[in-house]
Amino acid sequence: MENLLLMMAPLFSSKLLLVLFFGTLFGLILGVLPGLGPTTGGALILPFTMTLDPLSAIVLLTSIYCAGTYGGAITAILINTPGTPAAAATCLDGYPLAQKGEAGRALGMATVSSTVGGIFSVIILVFFAPLLAKLAYEFGQPEYFALAIFGLTMLASIGDGSPIKNLIAGAFGILISTIGKDFMTSIDRFTYGINELSEGIGFIPVVVGLFAISEMLTQSTLLNQVFKRVALKAVKLPSLNDYKLTWKTILRSSGIGSFIGVLPAEGGTVASLIGYSEAKRFSKKPEDFGKGSIEGIAGAEAANNAATGGAMVPTLALGIPGSATTAVILTGLIIHGVRPGPDLFREQPEFLYGIFGAMLIANVLFFIFGFFGAKIFARITLVPNKILWPMIFAVSVCGTYSLSQSIIDVWIMLLFGVIGFFMRRYGFSVVPVIIGLILGELVEGTLRQSLVIFDGNWLMFLTRPIALTFFILSLIALAFPLLRSKKRKKIL
Amino acid sequence: MKKSFKLFLATAFLVTEFFVIALPMLTTSARADGAIQAITHAGFGGGTDVTTRMMLLRARRVLKQDMQLVNKKGGGGAVSMDYMMSLPADGQHTLTWTTGHAVSMALGKTKVKLSDMQPLARGTDDPQLFVVNCKADIKDAKKFISAQKSKSLKYGTTHVGGIDDVSAIAFTKKGGLKDPTIVAYKGVAPIKTNLIKGDIDVGVLNLGEALTEINEGTLCVSIVLANNRMAKIGDSPTATELGIPVVLSTVRGFVTKKGAPAERVKELEAGMMKAMSHNYYKNFLTEIGLDETSVVGADEWGAQMEVMLAEMTAQLKALGYTN
């Protein structure tokens, strides 16, 4: 009961409601814009959250996450361009349905299924995250090492690159994480006498560079691309018949999305693909899929939004990001002095349940915005790239500079923008770099700390049940890309 | 190259030029409006950041001048000191100087010397504590010492080459005890978790960092590295009482660049002292387990800075961190 009251706290705070309103609106706009999405948006706004208290800051980021994930469906349905990678599966049936003159029905179903999926996942988050948190003091440095290894094994299957390319990108991220003063020896590594680098490379310049700047450079090669738009007369609720047809699919995909979201380093993209394929498998009319099936939209959208709450479970309970956007949220927690992990549930329950409540409200808010604003949001895609992207660039530079008032951070951001551009050009996903950067430091630090604790005896890792479990899970996870590629072949 | 692409590149270039070149100018001009720069080297929400912000709360009003927090991270404080030296000696800035800056100077990471800085006031003086699991025998200080006579204890510290491992090593050397095994962490939270789990024996912490667990009865303070016992943990003896005279603390105070007009220096010192005598600041000290004796004026603070630098230089040399 007390926790329920804590969850409702955002409803009684005008400041938090304002933050939620702004975050949801901003997230929706970002989701609509192809190439942007909640990850880039979160990274862009991260430095500005420093003017907020920690709860408002994380509420802002999570509302962007929830709304941005849904927003990707709008352009996926209207112009066959997913606003976010997680909406890619929505294109498969959303756009054909829109071409039949039923864009409103398609958007309506996307809105309802996203909302149900999102709310379902928050309920999962509320119940399962505290269970994980009970392990609080069972997690020593050896357990964190094993967990980080488990997170790193997911590198192969995250993002849109091939497993080998993902691993290379992840290794690059780990390499970057070694820059700076080694906290266990006090020796500077790869700083070349530049004192500003002794604190290491910050997450924000790298994240903004890899996502926003590299996307800007990519968009600069597509300036004359003309998107074919379809008529949108109205956004309407799905009919009763549509509900009868899809409620099982929505519930199933909500479960699938929540489960996949919980796995560290997985996220909405994989969830929507699997949600879509399972919808097809259980459908009475699988032949309609790819031709405008309402079940296909429901399956993909419920799953990708359900992954948002799921991905917050390992992020908050263990400090391991469940998706690319939660990696940005994790950065937000860290820079606000909040140490994600099991202790958080014991030490700051009001903070955590405030976030859960805010996520719940964000799902309701984007439902309202989605129904009344989808038509307007879709028009953002008409802003010419040559105006839109320089504006985004300006925000990126200001945001990165403002964090530490360091011009070196701006140069780092630009450098990683160029690196990200070439990575994408040659088929590498930039997401593993971020995961490598975050987990690399954890892997190295906890391994060395564990070895000091174990007096150098490696075999002691095997005496710790939780660590051993994560090592076994890591081995299983290594086989996941093979299973996924089989699943993808089936879908296509 | 297509015309639109050229236009795009030109726009991007102009925007870059504006922000990359103009941003520092914009921030400088903002400061020229009369605000005092309060320079720190620490991350947001850390002890130094919070101490500085708490001082700023009232100092703005007392000095009748706006104060802006300027964050200059890097080099363990070296970047912040170098930045201060790049400013004119006009008393329009302060730097929060800490034990970390002393370490950075001792390690030769900056050419700035103590004689380049004008002490203003001290904000906190937080003694180093040896914190243990309350279930462990070594919560009794005498058993702590006798245990370390026969075996090396594992000490959790924040980083190495700083006040924490210097505290552990100075204590064991002066006490003729077995060398400590240092397990370095990036923050205090895992030190506490590992102490409770039993993976390490001792955590080198400040009172405010472990106050929640101490109040809960999960963690106990075995030994205090201060001249006198601390009011909140009056049962915990000092190292000196136990015959090992080691006194070390995490200290934060304020300085400005040497050469500022004497009147301005006095004005800043008086303003800070008044600001830190306000209830806001006193409550903050209480929250972190300290009292108003933390706050002292320029003379005492300047003398302590010299002692600290000399002590850290000697200790780091003994540990092999510097020649």
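In the predicted model, helix H16 of chain A, which covers residues 407–425, is made up of 19 residues and reaches 27 Å from its first C-alpha to its last, close to the 27 Å expected at 1.5 Å a residue. The buried residues of H16(A) begin with Asp409(A), Val410(A), Ile412(A), Met413(A) and Leu414(A) and continue with Phe416(A), Gly417(A), Ile419(A), Gly420(A), Phe421(A) and Met423(A). An α-helix has 3.6 residues a turn, so residues three or four places apart point the same way. After H16(A) comes Gly427(A), for which phi is positive, near 80°.

Chain B contains 11 helices and 10 strands, and 49% of its 323 residues count as buried. Among the contacts in chain B with a separation of 6 or more, 76% are accounted for by residues 24 or more positions apart.

According to the domain assignment, chain B consists of domain 1, given as 10–125 + 250–318, and domain 2, given as 126–233. The centres of these two domains of chain B, taken over C-alpha atoms, are separated by 29 Å, and the contact between them takes 13 residues from domain 1 and 13 residues from domain 2. On the side of domain 1 that touches domain 2, the elements of chain B that give two or more residues are helix H4 (99–106), strand S4 (117–133) and helix H11 (298–318). That side of domain 1 has, by class, 5 nonpolar, 6 polar and 2 charged residues.

Strand S3 of chain B, formed by residues 93–98, is largely enclosed by the rest of the structure, because 6 of its 6 residues are buried. His93(B), Leu95(B) and Trp97(B) point one way from S3(B), whereas Thr94(B), Thr96(B) and Thr98(B) point the other way, and the residues of both sets are all buried.

Two pairings of S3(B) may be described in turn. With strand S1 of chain B (residues 36–40), S3(B) pairs in the parallel sense over 3 bridges, and in this arrangement Thr94(B) of S3(B) has Ala38(B) standing opposite. With strand S9 of chain B (residues 249–257), S3(B) runs antiparallel, and the two strands are joined by 4 bridges; here Trp97(B) has Gly253(B) of S9(B) as its bridge partner.

Conventions: Residues are numbered from 1 along each chain as its sequence is written. Chains are lettered from A and ligands numbered from 1 in the order in which they are written. This is a predicted model: local features need pLDDT of at least 70, side-chain atom pairs count only at pLDDT 80 or more; totals for chains, interfaces and linings use all residues. The expected span of a helix is 1.5 Å times one less than its number of residues. A residue is buried if 20 or more other C-beta atoms lie within 10 Å of its own, exposed if 12 or fewer, and partly exposed in between; C-beta atoms are placed from the backbone. Two residues are in contact if their C-beta atoms, placed from the backbone, lie within 7 Å. Domain bounds come from an automatic or database domain assignment. Ala, Val, Leu, Ile, Met, Phe, Trp, Tyr, Cys and Pro count as nonpolar, Asp, Glu, Lys and Arg as charged, and the others, Gly among them, as polar. Two strands pair if DSSP finds at least two bridges between them.
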